[in-house]
Amino acid sequence: MVTTERRYVTSWDVKEYVYCPVIVWIKHVLNVEEPPDFNMIFGSSKVYRQDILERVGLPKPWSFEVSLRNSSRGIAGVVDVIGGCSRYEVVELKAFRRWSYSHFRIQLMFYAYLVSTTVGPVTRAHLVLEDRVRTYSVNNHAIRDVEWVIERVREIRDSEKPPQVLQSRKCRLCWYRRYCPSV
Ligand code: SF4
């Protein structure tokens, strides 16, 4: 059964789209979802270190784990940290450092887009990978990228055919491999 929540595009959808679009299709069309393992649970546990938030210059006041949805745009998510008033900055925290984090960057920009369309304008976005911080400007180009990915997610969710992708190194360890039409 399709729930109300599933009609929204979420930060998970855009993150997984950038990691591999086929995962979005398997989850939404085949209705299969990877059960969380220890690394996923521990990796998504949040430690809000004040020293890091101060180091990035996050304006106050700070709000944590803010659940937002924009019904007219059909997007929803829980933002780790929002800082500021009238002009905002957002933070996404990950417990581990990663060598590849483009999927986390789009997730972060999705949050920036979600906040900018529900709360107010967002100027900067910070991705914290354990104790390392990447800071990005939130500009029109970044927002257009997010909007483009949101539209691709919608197309994939509504398609009976899976997206075409080439196999890559990450396929070897992919939990979705057993359902994947591309391997
Ligand atoms: S096996 Fe490869 S192509 Fe298939 S879902 Fe996983 S990462 Fe994507």
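1. N31 sits in the loop between α3 and α4 (38-44); helices (H or I, at least four residues) and strands (E, at least two) are DSSP runs, numbered from the N terminus. N31 has a positive phi of about 60° although it is not a glycine. With 10 C-beta neighbours inside 10 Å, N31 counts as exposed. For burial, a residue is buried if 20 or more other C-beta atoms lie within 10 Å of its own, exposed if 12 or fewer, and partly exposed in between, with C-beta atoms placed from the backbone.

2. A word on the basis of these notes: the model is predicted, local features need pLDDT of at least 70, side-chain atom pairs count only at pLDDT 80 or more, and totals for chains, interfaces and linings use all residues. Residue numbers start from 1 along each chain as its sequence is written.

3. Please look at E130 too, in the loop between β5 (122-129) and β6 (132-137). E130 is not a glycine, yet has a positive phi of about 60°. E130 is partly exposed, with 14 other C-beta atoms within 10 Å.

4. Which peptide bond is cis? That from K60 to P61, with omega near 5°. P61 is placed in the loop between α5 (50-55) and β2 (62-70). As background to these backbone points, most residues other than glycine have a negative phi, and most peptide bonds are trans.

5. Helix α2 (residues 11-19) deserves a careful look: S11, D13, V14, K15, E16 and Y17 are buried there. The buried residues of α2 pack against β1 (9-10), α3, β3 (75-85), α6 (102-118) and α7. Contact here means that the C-beta atoms of two residues, placed from the backbone, lie within 7 Å.

6. How do α2 and α3 meet? Their axes come within 5 Å and cross at roughly 130°. That makes α2 oblique to α3. Axes are lines fitted to C-alpha atoms, for helices over the stretch in contact, and angles run from 0 to 180 degrees between N-to-C directions; those under 35 degrees count as roughly parallel, over 145 as roughly antiparallel, 65 to 115 as roughly perpendicular and the rest as oblique. D13, E16, Y17 and Y19 of α2 make the contact with P21, I23 and V24 of α3. By class, the residues of this contact of α2 with α3 are 5 nonpolar, no polar and 2 charged. In this scheme Ala, Val, Leu, Ile, Met, Phe, Trp, Tyr, Cys and Pro count as nonpolar, Asp, Glu, Lys and Arg as charged, and the others, Gly among them, as polar.

7. The axes of α2 and α6 come within 8 Å and cross at roughly 150°. That makes α2 roughly antiparallel to α6. On the α2 side, S11, V14, K15, V18 and Y19 meet S102, H103, F104, I106, Q107, F110 and Y111 in α6. The contact of α2 with α6 has 7 nonpolar, 4 polar and 1 charged residues.

8. Helix α3 (residues 21-29) also packs on helix α7 (residues 140-157), at an angle of about 45° and with the axes 9 Å apart. α3 and α7 are therefore oblique to each other. P21, V24, W25 and H28 of α3 and V153, I156 and R157 of α7 form the contact. Its residues, in the contact of α3 with α7, divide into 5 nonpolar, 1 polar and 1 charged.

9. Staying with α7, I150 lies in this helix. Is I150 buried or exposed? I150 is buried, with 20 other C-beta atoms within 10 Å. Neighbours within four places in sequence aside, I150 is in contact with V9, V14 and I75. I150 and T10 are 140 residues apart in sequence but 8.7 Å apart in space, C-alpha to C-alpha.

10. R55 lies in helix α5. With 13 C-beta neighbours inside 10 Å, R55 counts as partly exposed. R55 and V133 are 78 residues apart in sequence and 9.2 Å apart in space, C-alpha to C-alpha.

11. Finally, the ligand is surrounded by a shell that includes C20, V22, I23, C171, C174 and C180, along with K170 and R177. The shell divides into 9 nonpolar, 1 polar and 2 charged residues.

Methods
A residue is near a molecule or strand if its C-beta atom, placed from the backbone, lies within 6 Å of it.
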